[in-house]
Amino acid sequence: MSLKIENATVIYPGTDGRPPTEALQQINLSMDDGDFVVSIGASGCGKSTLLNLIAGFLAPSDGRIILDGSAVEGPGADRSVVFQKHALLPWLNVRNNIEFGLMLQGNAKEERSKVADHYIKLLGLSGFEDSPVYDLSGGMQQRVGIARALTCDPKLLLMDEPLGALDALTREKAQELILQLWHDTGKSVFFITHSVEEALFMGTRLVVMSPRPGRITHEFELPFSKQFLEGTSARSVKASPEFIEIREEVLAIIFADEEAV
Amino acid sequence: MSVTSNENGKKEQSASGSLISRLARERPTRPGETYGVPGSGDTLLLSLATIAVLLFVWWLITAMGWVKPLFVPSPQSIVTKFISIWQDGFTGSSLWLHILISAGRVFSAFLLACAIGIPLGLAMGMSPLIRGIFDPPIEFYRPIPPLAYLPLMIIWFGIGETSKVLLIFLSVFAPVALGARAGVRSAAIEQIHAAYSFGATRWQVLRHVILPAAMPEIITAMRIGIGFGWTTLVAAEMVAATKGIGYMVLTASQFLQTAVVIMGIVVIAGIAYLFDLLMRLIERKVVPWKGKM
(Lines give C-alpha, C1' and ligand atoms only; values in the text may rest on other atoms or scores of the structure.)
Protein backbone atom coordinates (compact mmCIF):
# COMPACT_ATOMS: atom_id res chain seq x y z
CA MET A 1 0.00 0.00 0.00
CA SER A 2 1.21 3.46 -0.72
CA LEU A 3 -0.82 6.59 -0.26
CA LYS A 4 0.21 9.97 -1.57
CA ILE A 5 -1.69 13.15 -0.91
CA GLU A 6 -0.44 15.90 -3.16
CA ASN A 7 -1.36 19.53 -2.52
CA ALA A 8 -4.87 18.58 -1.48
CA THR A 9 -7.06 21.61 -0.86
CA VAL A 10 -10.69 21.56 0.20
CA ILE A 11 -12.79 24.70 0.03
CA TYR A 12 -16.33 24.61 1.35
CA PRO A 13 -18.50 27.13 -0.44
CA GLY A 14 -19.87 29.86 1.84
CA THR A 15 -23.55 29.66 2.70
CA ASP A 16 -25.90 32.51 3.61
CA GLY A 17 -23.52 35.16 2.37
CA ARG A 18 -20.58 33.99 4.46
CA PRO A 19 -17.23 33.68 2.71
CA PRO A 20 -16.05 30.21 1.66
CA THR A 21 -13.94 28.35 4.21
CA GLU A 22 -10.69 26.67 3.40
CA ALA A 23 -11.01 23.42 5.33
CA LEU A 24 -7.72 22.06 4.04
CA GLN A 25 -4.88 23.99 2.48
CA GLN A 26 -2.14 22.36 0.42
CA ILE A 27 -1.92 19.08 2.32
CA ASN A 28 1.01 16.88 1.47
CA LEU A 29 1.25 13.53 3.16
CA SER A 30 2.45 10.12 2.21
CA MET A 31 1.95 6.78 3.88
CA ASP A 32 3.73 3.51 3.27
CA ASP A 33 2.84 -0.06 3.99
CA GLY A 34 2.43 -0.72 7.69
CA ASP A 35 2.42 2.93 8.71
CA PHE A 36 0.24 4.01 11.62
CA VAL A 37 -0.32 7.71 11.02
CA VAL A 38 -2.18 9.63 13.68
CA SER A 39 -3.70 13.02 13.03
CA ILE A 40 -4.41 15.44 15.85
CA GLY A 41 -5.22 19.10 16.14
CA ALA A 42 -7.50 21.76 17.55
CA SER A 43 -11.14 21.49 16.55
CA GLY A 44 -11.76 22.76 13.03
CA CYS A 45 -8.30 21.82 11.83
CA GLY A 46 -9.71 19.62 9.11
CA LYS A 47 -8.57 16.22 10.30
CA SER A 48 -11.96 14.64 9.61
CA THR A 49 -12.04 16.35 6.22
CA LEU A 50 -8.67 14.78 5.50
CA LEU A 51 -10.01 11.34 6.44
CA ASN A 52 -13.06 11.87 4.23
CA LEU A 53 -10.74 12.75 1.36
CA ILE A 54 -8.77 9.55 1.78
CA ALA A 55 -11.97 7.53 2.16
CA GLY A 56 -13.26 9.09 -1.03
CA PHE A 57 -16.44 10.52 0.50
CA LEU A 58 -15.18 13.94 -0.49
CA ALA A 59 -13.31 15.12 -3.57
CA PRO A 60 -10.53 17.71 -3.17
CA SER A 61 -11.13 21.15 -4.65
CA ASP A 62 -7.55 20.99 -5.79
CA GLY A 63 -4.72 18.48 -5.62
CA ARG A 64 -4.74 14.69 -5.77
CA ILE A 65 -5.03 11.63 -3.58
CA ILE A 66 -3.17 8.70 -5.05
CA LEU A 67 -3.55 5.20 -3.69
CA ASP A 68 -1.23 2.57 -5.14
CA GLY A 69 -0.61 4.58 -8.24
CA SER A 70 -4.16 5.53 -9.13
CA ALA A 71 -6.20 8.55 -8.12
CA VAL A 72 -8.95 8.06 -5.53
CA GLU A 73 -12.27 8.73 -7.26
CA GLY A 74 -14.65 7.61 -4.53
CA PRO A 75 -15.07 5.19 -1.65
CA GLY A 76 -13.90 1.64 -2.20
CA ALA A 77 -13.35 -1.61 -0.40
CA ASP A 78 -9.58 -1.14 -0.32
CA ARG A 79 -10.16 1.44 2.44
CA SER A 80 -12.41 0.64 5.40
CA VAL A 81 -13.61 3.19 7.90
CA VAL A 82 -14.17 2.80 11.63
CA PHE A 83 -16.37 5.60 12.93
CA GLN A 84 -16.72 7.08 16.39
CA LYS A 85 -20.34 5.95 16.69
CA HIS A 86 -23.72 5.57 14.96
CA ALA A 87 -22.17 3.41 12.27
CA LEU A 88 -23.46 -0.03 13.27
CA LEU A 89 -26.82 -1.19 11.98
CA PRO A 90 -29.15 -1.83 14.92
CA TRP A 91 -31.50 -4.00 12.84
CA LEU A 92 -28.72 -6.56 12.38
CA ASN A 93 -27.21 -8.74 15.09
CA VAL A 94 -23.49 -8.78 15.82
CA ARG A 95 -22.71 -11.46 13.24
CA ASN A 96 -24.69 -9.81 10.46
CA ASN A 97 -23.12 -6.44 11.25
CA ILE A 98 -19.68 -7.98 10.92
CA GLU A 99 -20.68 -9.72 7.68
CA PHE A 100 -22.24 -6.53 6.30
CA GLY A 101 -19.36 -5.59 3.98
CA LEU A 102 -18.96 -9.15 2.73
CA MET A 103 -22.70 -9.32 2.09
CA LEU A 104 -22.63 -6.08 0.08
CA GLN A 105 -19.82 -7.53 -2.00
CA GLY A 106 -21.92 -10.57 -2.79
CA ASN A 107 -19.92 -13.23 -0.98
CA ALA A 108 -21.59 -16.59 -0.42
CA LYS A 109 -23.10 -17.34 2.96
CA GLU A 110 -20.50 -19.96 4.01
CA GLU A 111 -17.61 -17.75 2.96
CA ARG A 112 -19.09 -14.90 4.97
CA SER A 113 -19.51 -16.92 8.15
CA LYS A 114 -16.01 -18.30 7.86
CA VAL A 115 -14.46 -14.85 7.70
CA ALA A 116 -16.82 -13.48 10.35
CA ASP A 117 -16.02 -16.38 12.70
CA HIS A 118 -12.34 -15.51 12.45
CA TYR A 119 -12.87 -11.87 13.40
CA ILE A 120 -15.47 -12.65 16.07
CA LYS A 121 -12.82 -14.77 17.76
CA LEU A 122 -10.00 -12.29 17.13
CA LEU A 123 -11.94 -9.41 18.72
CA GLY A 124 -13.27 -11.42 21.64
CA LEU A 125 -16.90 -11.31 20.57
CA SER A 126 -17.54 -15.05 20.86
CA GLY A 127 -20.85 -15.77 22.54
CA PHE A 128 -22.34 -12.47 21.38
CA GLU A 129 -22.85 -13.40 17.72
CA ASP A 130 -26.63 -13.34 17.99
CA SER A 131 -26.94 -10.35 20.32
CA PRO A 132 -28.46 -7.16 19.03
CA VAL A 133 -25.70 -4.56 18.77
CA TYR A 134 -27.62 -2.03 20.88
CA ASP A 135 -27.38 -4.38 23.87
CA LEU A 136 -23.57 -4.29 23.80
CA SER A 137 -21.35 -1.93 25.77
CA GLY A 138 -19.67 0.92 23.92
CA GLY A 139 -16.36 -0.92 23.90
CA MET A 140 -17.89 -4.05 22.40
CA GLN A 141 -19.81 -2.04 19.81
CA GLN A 142 -16.54 -0.51 18.73
CA ARG A 143 -14.96 -3.96 18.45
CA VAL A 144 -17.85 -4.98 16.17
CA GLY A 145 -17.10 -1.90 14.07
CA ILE A 146 -13.43 -2.82 13.85
CA ALA A 147 -14.24 -6.44 12.99
CA ARG A 148 -16.60 -5.27 10.26
CA ALA A 149 -13.93 -3.00 8.82
CA LEU A 150 -11.36 -5.83 8.78
CA THR A 151 -13.53 -8.47 7.10
CA CYS A 152 -13.04 -7.07 3.61
CA ASP A 153 -9.27 -7.14 4.05
CA PRO A 154 -8.68 -3.44 3.32
CA LYS A 155 -5.21 -2.14 2.54
CA LEU A 156 -5.81 0.90 4.64
CA LEU A 157 -7.86 1.26 7.77
CA LEU A 158 -9.29 4.72 8.40
CA MET A 159 -10.25 5.37 12.00
CA ASP A 160 -12.20 8.53 12.80
CA GLU A 161 -11.91 9.01 16.57
CA PRO A 162 -12.87 5.37 17.07
CA LEU A 163 -12.33 5.50 20.83
CA GLY A 164 -13.71 8.97 21.48
CA ALA A 165 -16.97 7.75 22.97
CA LEU A 166 -15.44 5.21 25.36
CA ASP A 167 -14.72 5.61 29.05
CA ALA A 168 -11.09 6.05 30.03
CA LEU A 169 -10.40 2.47 31.14
CA THR A 170 -12.11 0.83 28.17
CA ARG A 171 -10.29 3.26 25.96
CA GLU A 172 -6.84 2.20 27.15
CA LYS A 173 -7.73 -1.46 26.65
CA ALA A 174 -9.01 -0.70 23.17
CA GLN A 175 -5.81 1.15 22.30
CA GLU A 176 -3.78 -1.93 23.16
CA LEU A 177 -6.16 -4.13 21.19
CA ILE A 178 -5.91 -1.95 18.08
CA LEU A 179 -2.12 -1.85 18.29
CA GLN A 180 -2.00 -5.61 18.61
CA LEU A 181 -4.36 -6.01 15.62
CA TRP A 182 -2.30 -3.56 13.60
CA HIS A 183 0.85 -5.50 14.42
CA ASP A 184 -0.70 -8.91 13.70
CA THR A 185 -2.47 -7.98 10.47
CA GLY A 186 0.16 -5.63 9.08
CA LYS A 187 -2.49 -3.16 7.91
CA SER A 188 -1.79 0.51 7.41
CA VAL A 189 -3.82 2.78 9.65
CA PHE A 190 -4.83 6.43 9.44
CA PHE A 191 -6.15 7.37 12.86
CA ILE A 192 -7.78 10.54 14.16
CA THR A 193 -7.98 11.37 17.83
CA HIS A 194 -8.46 14.25 20.23
CA SER A 195 -6.26 12.69 22.86
CA VAL A 196 -2.59 13.58 22.70
CA GLU A 197 -1.65 10.63 24.87
CA GLU A 198 -3.54 8.27 22.59
CA ALA A 199 -1.96 9.82 19.52
CA LEU A 200 1.57 9.44 20.84
CA PHE A 201 1.02 5.92 22.11
CA MET A 202 -0.60 4.55 18.96
CA GLY A 203 1.14 6.12 16.02
CA THR A 204 4.38 5.50 14.20
CA ARG A 205 3.94 9.02 12.89
CA LEU A 206 2.06 11.97 14.26
CA VAL A 207 0.68 14.71 12.07
CA VAL A 208 -0.29 17.86 13.96
CA MET A 209 -2.79 20.06 12.16
CA SER A 210 -3.82 23.68 12.69
CA PRO A 211 -7.12 25.32 11.91
CA ARG A 212 -8.12 28.23 9.67
CA PRO A 213 -7.05 27.13 7.16
CA GLY A 214 -6.59 23.44 7.99
CA ARG A 215 -3.00 22.47 7.35
CA ILE A 216 -0.24 20.23 8.63
CA THR A 217 2.13 22.21 10.83
CA HIS A 218 4.26 19.56 12.55
CA GLU A 219 5.22 15.96 12.04
CA PHE A 220 6.77 13.61 14.57
CA GLU A 221 8.25 10.13 14.26
CA LEU A 222 7.12 8.07 17.23
CA PRO A 223 8.81 5.09 18.88
CA PHE A 224 6.20 4.34 21.54
CA SER A 225 3.93 1.79 19.87
CA LYS A 226 6.99 -0.22 19.01
CA GLN A 227 8.08 -0.15 22.65
CA PHE A 228 4.66 -1.43 23.67
CA LEU A 229 4.63 -4.19 21.08
CA GLU A 230 8.10 -5.25 22.23
CA GLY A 231 6.74 -5.91 25.68
CA THR A 232 6.82 -2.70 27.71
CA SER A 233 3.54 -2.17 29.50
CA ALA A 234 1.28 0.54 28.14
CA ARG A 235 1.41 2.57 31.37
CA SER A 236 5.19 2.50 31.58
CA VAL A 237 5.41 3.66 27.99
CA LYS A 238 3.01 6.50 28.69
CA ALA A 239 4.82 7.45 31.90
CA SER A 240 8.33 7.53 30.45
CA PRO A 241 10.09 10.93 30.51
CA GLU A 242 10.54 10.81 26.76
CA PHE A 243 6.80 10.35 26.27
CA ILE A 244 5.88 13.12 28.68
CA GLU A 245 8.29 15.54 27.07
CA ILE A 246 6.86 15.09 23.59
CA ARG A 247 3.32 15.07 25.00
CA GLU A 248 3.82 18.52 26.52
CA GLU A 249 5.37 19.78 23.29
CA VAL A 250 2.36 18.66 21.23
CA LEU A 251 -0.09 19.96 23.82
CA ALA A 252 1.60 23.37 23.71
CA ILE A 253 1.17 23.51 19.92
CA ILE A 254 -2.53 22.61 20.13
CA PHE A 255 -3.24 24.99 23.00
CA ALA A 256 -1.60 27.80 21.08
CA ASP A 257 -3.92 27.05 18.13
CA GLU A 258 -7.00 26.95 20.35
CA GLU A 259 -6.11 30.32 21.87
CA ALA A 260 -5.49 31.91 18.48
CA VAL A 261 -9.24 31.81 17.70
CA MET B 1 -41.69 13.85 62.49
CA SER B 2 -44.05 12.05 64.81
CA VAL B 3 -44.20 8.31 65.36
CA THR B 4 -47.62 7.99 63.78
CA SER B 5 -46.57 9.58 60.56
CA ASN B 6 -43.62 7.21 60.42
CA GLU B 7 -45.99 4.30 60.72
CA ASN B 8 -48.09 5.79 57.98
CA GLY B 9 -45.00 6.03 55.87
CA LYS B 10 -44.32 2.34 56.35
CA LYS B 11 -47.85 1.38 55.40
CA GLU B 12 -47.61 3.47 52.28
CA GLN B 13 -44.43 1.74 51.27
CA SER B 14 -45.87 -1.71 51.76
CA ALA B 15 -48.71 -0.77 49.45
CA SER B 16 -46.37 1.01 47.06
CA GLY B 17 -47.63 1.00 43.50
CA SER B 18 -51.25 1.57 44.43
CA LEU B 19 -52.68 4.85 43.28
CA ILE B 20 -53.80 6.08 46.68
CA SER B 21 -50.43 5.49 48.30
CA ARG B 22 -48.64 7.23 45.45
CA LEU B 23 -50.90 10.24 45.61
CA ALA B 24 -50.62 10.40 49.38
CA ARG B 25 -46.88 9.91 49.56
CA GLU B 26 -45.04 12.87 50.98
CA ARG B 27 -41.55 12.18 49.81
CA PRO B 28 -39.96 10.10 47.06
CA THR B 29 -39.06 6.53 48.00
CA ARG B 30 -36.71 6.06 45.09
CA PRO B 31 -33.91 8.40 44.05
CA GLY B 32 -34.76 10.40 41.01
CA GLU B 33 -38.49 10.03 41.37
CA THR B 34 -38.96 13.68 42.18
CA TYR B 35 -35.94 15.11 40.43
CA GLY B 36 -36.05 12.75 37.46
CA VAL B 37 -37.28 13.20 33.91
CA PRO B 38 -40.58 15.11 34.02
CA GLY B 39 -43.54 13.06 32.93
CA SER B 40 -42.22 9.59 33.70
CA GLY B 41 -44.48 7.11 35.44
CA ASP B 42 -47.24 4.62 34.76
CA THR B 43 -50.63 6.05 33.81
CA LEU B 44 -52.72 2.89 33.42
CA LEU B 45 -54.54 3.20 36.73
CA LEU B 46 -55.29 6.85 36.20
CA SER B 47 -56.59 6.17 32.69
CA LEU B 48 -58.86 3.42 33.95
CA ALA B 49 -60.10 5.73 36.69
CA THR B 50 -60.86 8.45 34.12
CA ILE B 51 -62.91 6.02 32.04
CA ALA B 52 -64.77 4.87 35.14
CA VAL B 53 -65.53 8.44 36.17
CA LEU B 54 -66.74 9.39 32.68
CA LEU B 55 -68.99 6.34 32.54
CA PHE B 56 -70.32 7.13 36.00
CA VAL B 57 -71.08 10.77 35.11
CA TRP B 58 -72.77 9.58 31.92
CA TRP B 59 -74.83 7.07 33.86
CA LEU B 60 -75.62 9.64 36.53
CA ILE B 61 -76.97 12.38 34.24
CA THR B 62 -79.15 9.88 32.37
CA ALA B 63 -80.34 8.03 35.47
CA MET B 64 -81.25 11.29 37.20
CA GLY B 65 -83.12 12.42 34.10
CA TRP B 66 -81.08 15.63 33.80
CA VAL B 67 -80.76 15.20 30.03
CA LYS B 68 -83.36 13.72 27.69
CA PRO B 69 -82.47 10.30 26.16
CA LEU B 70 -82.84 11.89 22.71
CA PHE B 71 -79.69 13.89 23.40
CA VAL B 72 -77.81 11.52 25.67
CA PRO B 73 -79.13 7.98 25.91
CA SER B 74 -78.10 5.96 28.94
CA PRO B 75 -75.10 3.61 28.83
CA GLN B 76 -77.39 0.65 29.38
CA SER B 77 -79.50 1.57 26.36
CA ILE B 78 -76.36 1.56 24.20
CA VAL B 79 -75.55 -1.95 25.38
CA THR B 80 -79.16 -3.02 24.79
CA LYS B 81 -79.03 -1.48 21.31
CA PHE B 82 -75.78 -3.24 20.59
CA ILE B 83 -77.27 -6.58 21.55
CA SER B 84 -80.42 -6.03 19.54
CA ILE B 85 -78.51 -4.94 16.41
CA TRP B 86 -76.08 -7.80 16.95
CA GLN B 87 -79.04 -10.20 16.91
CA ASP B 88 -81.35 -8.58 14.37
CA GLY B 89 -79.02 -6.53 12.24
CA PHE B 90 -79.52 -2.95 11.03
CA THR B 91 -81.53 -2.08 7.89
CA GLY B 92 -81.53 -5.70 6.84
CA SER B 93 -77.82 -6.42 7.25
CA SER B 94 -76.09 -7.99 10.22
CA LEU B 95 -73.74 -5.88 12.35
CA TRP B 96 -70.89 -8.11 11.23
CA LEU B 97 -71.59 -7.29 7.62
CA HIS B 98 -71.61 -3.56 8.36
CA ILE B 99 -68.31 -3.90 10.18
CA LEU B 100 -66.77 -6.07 7.46
CA ILE B 101 -67.83 -3.69 4.70
CA SER B 102 -66.41 -0.66 6.50
CA ALA B 103 -63.22 -2.44 7.52
CA GLY B 104 -62.87 -3.66 3.94
CA ARG B 105 -63.10 -0.10 2.63
CA VAL B 106 -60.63 1.29 5.17
CA PHE B 107 -58.11 -1.53 4.84
CA SER B 108 -58.17 -1.70 1.06
CA ALA B 109 -57.63 2.07 0.95
CA PHE B 110 -54.91 1.71 3.59
CA LEU B 111 -53.08 -1.07 1.73
CA LEU B 112 -53.29 0.86 -1.52
CA ALA B 113 -52.01 4.00 0.18
CA CYS B 114 -49.07 2.06 1.68
CA ALA B 115 -48.29 0.28 -1.59
CA ILE B 116 -48.07 3.58 -3.45
CA GLY B 117 -47.25 6.04 -0.66
CA ILE B 118 -44.26 4.27 0.91
CA PRO B 119 -42.25 3.79 -2.32
CA LEU B 120 -43.19 7.26 -3.50
CA GLY B 121 -42.28 8.82 -0.16
CA LEU B 122 -38.92 7.02 -0.18
CA ALA B 123 -38.31 8.19 -3.73
CA MET B 124 -39.20 11.74 -2.70
CA GLY B 125 -36.71 11.53 0.14
CA MET B 126 -34.01 10.15 -2.13
CA SER B 127 -34.45 12.32 -5.20
CA PRO B 128 -34.90 16.10 -5.47
CA LEU B 129 -36.44 15.54 -8.91
CA ILE B 130 -39.27 13.35 -7.61
CA ARG B 131 -39.67 15.53 -4.51
CA GLY B 132 -39.94 18.60 -6.68
CA ILE B 133 -42.67 17.02 -8.78
CA PHE B 134 -44.81 15.47 -6.06
CA ASP B 135 -44.36 17.91 -3.20
CA PRO B 136 -46.75 20.64 -4.49
CA PRO B 137 -49.79 18.41 -5.16
CA ILE B 138 -49.42 16.49 -1.89
CA GLU B 139 -48.86 19.61 0.19
CA PHE B 140 -51.78 21.28 -1.60
CA TYR B 141 -54.41 18.65 -0.94
CA ARG B 142 -53.11 17.38 2.42
CA PRO B 143 -54.69 20.04 4.69
CA ILE B 144 -58.04 20.02 2.84
CA PRO B 145 -60.81 18.23 4.76
CA PRO B 146 -61.97 15.15 2.80
CA LEU B 147 -65.56 16.41 3.01
CA ALA B 148 -64.51 19.39 0.86
CA TYR B 149 -63.37 17.29 -2.08
CA LEU B 150 -65.98 14.58 -1.59
CA PRO B 151 -68.30 16.22 -4.21
CA LEU B 152 -65.45 16.12 -6.74
CA MET B 153 -64.91 12.42 -6.05
CA ILE B 154 -68.60 11.81 -6.75
CA ILE B 155 -68.60 13.89 -9.93
CA TRP B 156 -65.47 12.18 -11.22
CA PHE B 157 -65.87 8.62 -9.99
CA GLY B 158 -69.59 8.20 -9.40
CA ILE B 159 -71.32 6.93 -6.31
CA GLY B 160 -69.89 3.40 -6.32
CA GLU B 161 -67.12 1.84 -4.24
CA THR B 162 -64.40 3.71 -6.16
CA SER B 163 -65.13 7.15 -4.78
CA LYS B 164 -65.54 5.79 -1.23
CA VAL B 165 -62.24 3.92 -1.23
CA LEU B 166 -60.51 6.75 -3.06
CA LEU B 167 -61.62 9.29 -0.48
CA ILE B 168 -60.20 7.17 2.35
CA PHE B 169 -57.11 6.43 0.25
CA LEU B 170 -56.40 10.14 -0.15
CA SER B 171 -56.64 10.77 3.57
CA VAL B 172 -54.21 7.91 4.32
CA PHE B 173 -51.85 8.55 1.44
CA ALA B 174 -50.44 11.95 2.46
CA PRO B 175 -49.31 11.04 5.99
CA VAL B 176 -47.86 7.70 4.82
CA ALA B 177 -45.94 9.25 1.93
CA LEU B 178 -44.65 12.14 4.03
CA GLY B 179 -43.65 9.75 6.83
CA ALA B 180 -41.68 7.57 4.43
CA ARG B 181 -40.10 10.68 2.97
CA ALA B 182 -39.01 11.88 6.41
CA GLY B 183 -37.80 8.35 7.22
CA VAL B 184 -35.13 8.60 4.54
CA ARG B 185 -33.36 11.08 6.80
CA SER B 186 -33.20 8.54 9.66
CA ALA B 187 -30.05 6.78 8.55
CA ALA B 188 -26.93 8.27 10.12
CA ILE B 189 -24.34 9.54 7.66
CA GLU B 190 -21.87 7.12 9.30
CA GLN B 191 -24.09 4.17 8.40
CA ILE B 192 -24.35 5.35 4.81
CA HIS B 193 -20.61 6.01 4.59
CA ALA B 194 -19.87 2.60 6.07
CA ALA B 195 -21.88 0.93 3.32
CA TYR B 196 -20.24 3.01 0.59
CA SER B 197 -16.79 2.27 1.96
CA PHE B 198 -17.48 -1.43 1.35
CA GLY B 199 -18.14 -0.57 -2.27
CA ALA B 200 -21.95 -0.57 -2.00
CA THR B 201 -23.98 0.70 -4.93
CA ARG B 202 -26.64 3.38 -4.48
CA TRP B 203 -29.29 0.70 -4.75
CA GLN B 204 -27.60 -1.38 -2.02
CA VAL B 205 -27.41 1.63 0.27
CA LEU B 206 -31.15 2.18 -0.25
CA ARG B 207 -32.00 -1.47 0.28
CA HIS B 208 -29.69 -2.24 3.21
CA VAL B 209 -29.34 1.09 5.04
CA ILE B 210 -31.94 3.72 4.12
CA LEU B 211 -34.95 1.41 4.04
CA PRO B 212 -34.35 -0.44 7.33
CA ALA B 213 -33.41 2.81 9.07
CA ALA B 214 -36.65 4.37 7.83
CA MET B 215 -38.82 1.52 9.13
CA PRO B 216 -39.66 3.10 12.52
CA GLU B 217 -40.87 6.28 10.82
CA ILE B 218 -42.74 4.30 8.18
CA ILE B 219 -44.57 2.25 10.80
CA THR B 220 -45.43 5.38 12.77
CA ALA B 221 -46.70 6.96 9.56
CA MET B 222 -48.82 3.88 8.88
CA ARG B 223 -50.33 4.16 12.36
CA ILE B 224 -51.14 7.82 11.81
CA GLY B 225 -52.42 7.05 8.31
CA ILE B 226 -54.86 4.36 9.34
CA GLY B 227 -56.16 6.75 11.98
CA PHE B 228 -56.93 9.27 9.24
CA GLY B 229 -58.59 6.44 7.34
CA TRP B 230 -61.04 5.74 10.15
CA THR B 231 -61.82 9.45 10.57
CA THR B 232 -62.69 9.64 6.88
CA LEU B 233 -64.87 6.53 6.91
CA VAL B 234 -68.11 8.28 7.84
CA ALA B 235 -67.57 10.95 5.19
CA ALA B 236 -66.93 8.25 2.59
CA GLU B 237 -70.09 6.37 3.51
CA MET B 238 -72.17 9.52 3.03
CA VAL B 239 -71.97 8.66 -0.67
CA ALA B 240 -75.00 6.50 -1.41
CA ALA B 241 -73.88 3.69 0.87
CA THR B 242 -76.30 0.97 1.90
CA LYS B 243 -73.98 -0.81 4.29
CA GLY B 244 -71.16 0.06 6.66
CA ILE B 245 -70.72 1.44 10.16
CA GLY B 246 -70.54 5.01 8.87
CA TYR B 247 -73.74 4.46 6.92
CA MET B 248 -75.33 3.04 10.07
CA VAL B 249 -74.37 6.14 12.09
CA LEU B 250 -75.61 8.54 9.39
CA THR B 251 -78.92 6.71 8.90
CA ALA B 252 -79.52 6.48 12.63
CA SER B 253 -78.89 10.22 13.01
CA GLN B 254 -81.56 10.95 10.42
CA PHE B 255 -84.06 8.98 12.48
CA LEU B 256 -82.81 10.48 15.74
CA GLN B 257 -81.70 7.06 16.98
CA THR B 258 -79.01 8.55 19.19
CA ALA B 259 -78.21 5.23 20.85
CA VAL B 260 -77.29 3.70 17.48
CA VAL B 261 -75.14 6.73 16.65
CA ILE B 262 -73.19 6.38 19.86
CA MET B 263 -72.95 2.64 19.44
CA GLY B 264 -71.54 3.08 15.93
CA ILE B 265 -68.99 5.56 17.23
CA VAL B 266 -67.92 3.13 19.93
CA VAL B 267 -67.61 0.31 17.39
CA ILE B 268 -65.42 2.43 15.09
CA ALA B 269 -63.28 3.53 18.03
CA GLY B 270 -62.98 -0.08 19.19
CA ILE B 271 -61.85 -1.42 15.83
CA ALA B 272 -59.43 1.45 15.32
CA TYR B 273 -57.98 0.89 18.79
CA LEU B 274 -57.61 -2.86 18.28
CA PHE B 275 -55.85 -2.25 14.99
CA ASP B 276 -53.53 0.25 16.64
CA LEU B 277 -52.65 -2.35 19.27
CA LEU B 278 -51.84 -4.74 16.44
CA MET B 279 -49.65 -2.13 14.79
CA ARG B 280 -47.79 -1.53 18.04
CA LEU B 281 -47.22 -5.27 18.33
CA ILE B 282 -45.89 -5.33 14.77
CA GLU B 283 -43.72 -2.34 15.61
CA ARG B 284 -42.13 -4.19 18.51
CA LYS B 285 -41.52 -7.24 16.29
CA VAL B 286 -40.22 -5.39 13.24
CA VAL B 287 -38.22 -2.56 14.83
CA PRO B 288 -37.29 -3.71 18.34
CA TRP B 289 -34.27 -1.44 18.01
CA LYS B 290 -36.37 1.71 17.64
CA GLY B 291 -34.85 4.58 19.64
CA LYS B 292 -32.03 2.39 20.94
CA MET B 293 -29.15 3.57 18.78
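Arg212(A) is found in the loop between strand 9 and strand 10 of chain A, where strands (E, at least two residues) and helices (H or I, at least four) are DSSP runs, numbered from the N terminus. Before going further, please note that this is a predicted model, in which local features need pLDDT of at least 70, side-chain atom pairs count only at pLDDT 80 or more, and totals for chains, interfaces and linings use all residues. Residues are numbered from 1 along each chain as its sequence is written, while chains are lettered from A and ligands numbered from 1 in the order in which they are written.

**Two loops with a positive phi**

Phi of Arg212(A) is near 50 degrees, a positive value in a residue other than glycine. Its peptide bond to Pro213(A) is cis, with omega near -10 degrees. Pro213(A) is found in the loop between strand 9 (205-210) and strand 10 (215-221) of chain A.

Thr91(B) lies in the loop between helix 4 (75-88) and helix 5 (95-126) of chain B.

How exposed are they? A residue is buried if 20 or more other C-beta atoms lie within 10 Å of its own, exposed if 12 or fewer, and partly exposed in between, with C-beta atoms placed from the backbone. Arg212(A) is partly exposed, as 16 other C-beta atoms lie within 10 Å, and Thr91(B) is exposed, with 12.

**Strands in chain A**

Strands pair if DSSP finds at least two bridges between them.

| Strand pair in chain A | Bridges | Direction |
|---|---|---|
| Strand 1 (residues 2-12) and strand 4 (residues 62-67) | 5 bridges | antiparallel |
| Strand 4 and strand 5 (residues 70-71) | 2 bridges | antiparallel |

Leu67(A) in strand 4 stands opposite Leu3(A), and the bridge partner of Leu67(A) in strand 5 is Ser70(A). Strand 4 and strand 5 of chain A form a hairpin with 2 residues between them, and Asp68(A) in the turn has a positive phi of about 50 degrees.

**Domains of chain A**

Chain A is assigned domain 1 (2-78 + 157-259) and domain 2 (89-153), with bounds that come from an automatic or database domain assignment. The C-alpha centres of domain 1 and domain 2 of chain A lie 25 Å apart. In contact between them are 9 residues of domain 1 and 7 residues of domain 2 of chain A; two residues are in contact if their C-beta atoms, placed from the backbone, lie within 7 Å. On the side of domain 1 that touches domain 2, helix 6 (residues 168-185) of chain A gives the most, with 3 residues. By class, that side has 7 nonpolar, 2 polar and no charged residues. Here Ala, Val, Leu, Ile, Met, Phe, Trp, Tyr, Cys and Pro count as nonpolar, Asp, Glu, Lys and Arg as charged, and the others, Gly among them, as polar.

Chain B has 12 helices and 0 strands. Of its 293 residues, 30% are buried. Among the contacts in chain B with a separation of 6 or more, 70% come from residues 24 or more positions apart.

Which residues make the contact between the chains? Chain B gives 17 residues and chain A gives 21 residues. On the side of chain B that touches chain A, helix 9 (189-197) and helix 10 (202-236) of chain B each supply at least two residues. Helix 9 of chain B gives the most, with 7 residues. The class make-up of that side of chain B is 9 nonpolar, 6 polar and 2 charged residues.
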